[in-house]
Amino acid sequence: MKSLITITRSLQLSRVLTTVIAVAAAAPSAYAIITPNLVTDPGFESNPIYAPFNDILNAPYIQNQWGEENSTIVAGPNAGVTPIGNRMLRMANSGGGATQAFQLIDVSAYSAAINLGTATVTGSALYNAPTTIAAAGVGVSVSFFDSSNVALFPAFAIAGLPALDNNTSTWEQRSVTSLLPVNTAFILMQVAYGNVSIGNSPGFVDETSMTLNLVPEPTSIALSGIALAGALLLRKRR
């Protein structure tokens with residue numbers, strides 16, 4: 001016959017587990033996880049620019065390295081702009097509508113959370129331009145691909161406005177957030193300057209970032225709560 005203490009502890013554990021599972025099922029969004037910055041060399045400090053950039057956009061789909069249309073990594077002040085660290089990306093007019101730099105980022109390690117359909121991505125970058133440019137047009141975008149590098153819908157999300165001021169002492173952030181399509185395995189992050197807006201002057205980029213906001217399955221949350229509840233009751237028993 002069980003003692004009163006044993007029965008009481010069993011009831012306590014049952015109540016705690018019931019509460020944990022109920023809360024996990026009702027509000028999984030409260031347990032969101034934000035990943036570290038997934039961009040390789042976000043401040044352009046250590047790696048050279050990859051060329052040709054078409055190898056990032058097409059086979060062999062080079063990953064985790066910056067590629068560019070008409071850009072270079074420069075050290076120290078340049079055209080009156082000072083990098084946040086030691087280096088920054090200098091982007092010049094490529095002759096088209098915009099000059100872009102790209103990085104293809106593998107996010108397949110997060111596929112379980114992405115395929116729940118609730119994950120989001122946020123991409124951002126800091127921009128600066130010489131005083132000779134009154135209102136440089138800039139943009140940051142993310143686009144989505146499956147494990148075979150087939151584009152997914154929505155094809156991309158982009159943010160640009162407002163245009164930059166011409167104060168070289170201030171770096172201005174632009175960011176974009178988008179829901180991740182199910183089956184996303186790769187995200188292409190792009191930073192850009194509108195060529196008409198910069199003319200023959202350069203534009204600069206620094207401190208790029210891309211993070212995922214993930215919501216685990218309710219069962220994962222419940223299991224975490226069960227482990228915590230068990231640990232607490234074990235401590236009481238001791």
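**Aromatic pairs and their setting**

Trp-66 counts as buried, because its relative accessibility is 3% and the cut-off is under 20%. This is a predicted model. A search of the whole structure turns up three aromatic pairs. Trp-66 belongs to one of them, with Phe-44 as its partner. Their ring centres are 5.2 Å apart. The planes meet at 35°, so this pair is tilted. Phe-44 sits in the loop between strand E1 (33-34) and helix H2 (54-57). Trp-66 sits in the loop between H2 and E2. The pair therefore ties together parts that are 22 residues apart in sequence. Phe-44 is also buried, at 0% relative accessibility.

Now take another pair, Phe-53 with Phe-102. This one is stacked: the centres are 5.4 Å apart, with 15° between the planes. Phe-53 lies in the loop between E1 and H2, while Phe-102 lies in strand E5. They are 49 residues apart, so the pair links distant parts of the chain. Phe-102 is buried, with a relative accessible area of 3%.

What does strand E5 pair with? Strand E2 (residues 67-68) runs antiparallel to E5, and two bridges join them. Within that pairing, Glu-68 has Ala-101 as its bridge partner in E5. E5 also runs antiparallel to E10, through nine bridges. There, Leu-104 stands opposite Leu-188 in E10.

The largest nonpolar core has 37 residues. Tyr-127, Ile-187, Val-191, Tyr-193, Val-205, Met-210 and Leu-212 touch the most other members. Strands E5 (98-106) and E10 (186-194) are among the elements that each supply at least two residues of this core. Helix H3 (111-114) is another such contributor. A separate core of eight residues lies apart from it, including Tyr-50, Ile-56, Ala-185 and Phe-186.

The structure holds one salt bridge. It joins Glu-172 to Arg-174, whose closest N and O atoms are 3.4 Å apart. Both residues are buried.

Finally, step back to the whole chain. It has five helices and eleven strands. Of its 238 residues, 40% are buried. Take the contacts between residues at least 6 apart in sequence: 77% of these join residues at least 24 apart. The chain exposes about 12100 Å², and carbon and sulfur atoms supply 58% of that area.

Terms used:
Residues numbered from 1 in each chain as written. Predicted model: local features only at pLDDT ≥ 70, side-chain atom pairs only at ≥ 80, totals over all residues. Heavy atoms only, no water. Core = buried A, V, L, I, M, F, W, Y, C linked by side-chain atoms within 4.5 Å. Buried < 20%, exposed > 50% of the residue type's maximum accessible area, 1.4 Å probe, protein only. Helix = DSSP H or I, 4+ residues; strand = E, 2+ residues; numbered from the N terminus. Salt bridge = Lys/Arg side-chain N within 4 Å of Asp/Glu carboxyl O. Pairing = 2+ DSSP bridges. Contact = heavy atoms within 4.5 Å. Areas by Shrake-Rupley, 256 points an atom, 1.4 Å probe, with all protein chains shown as cover. Phe/Tyr/Trp six-rings, centres within 6.5 Å; stacked < 30°, edge-to-face > 60°.
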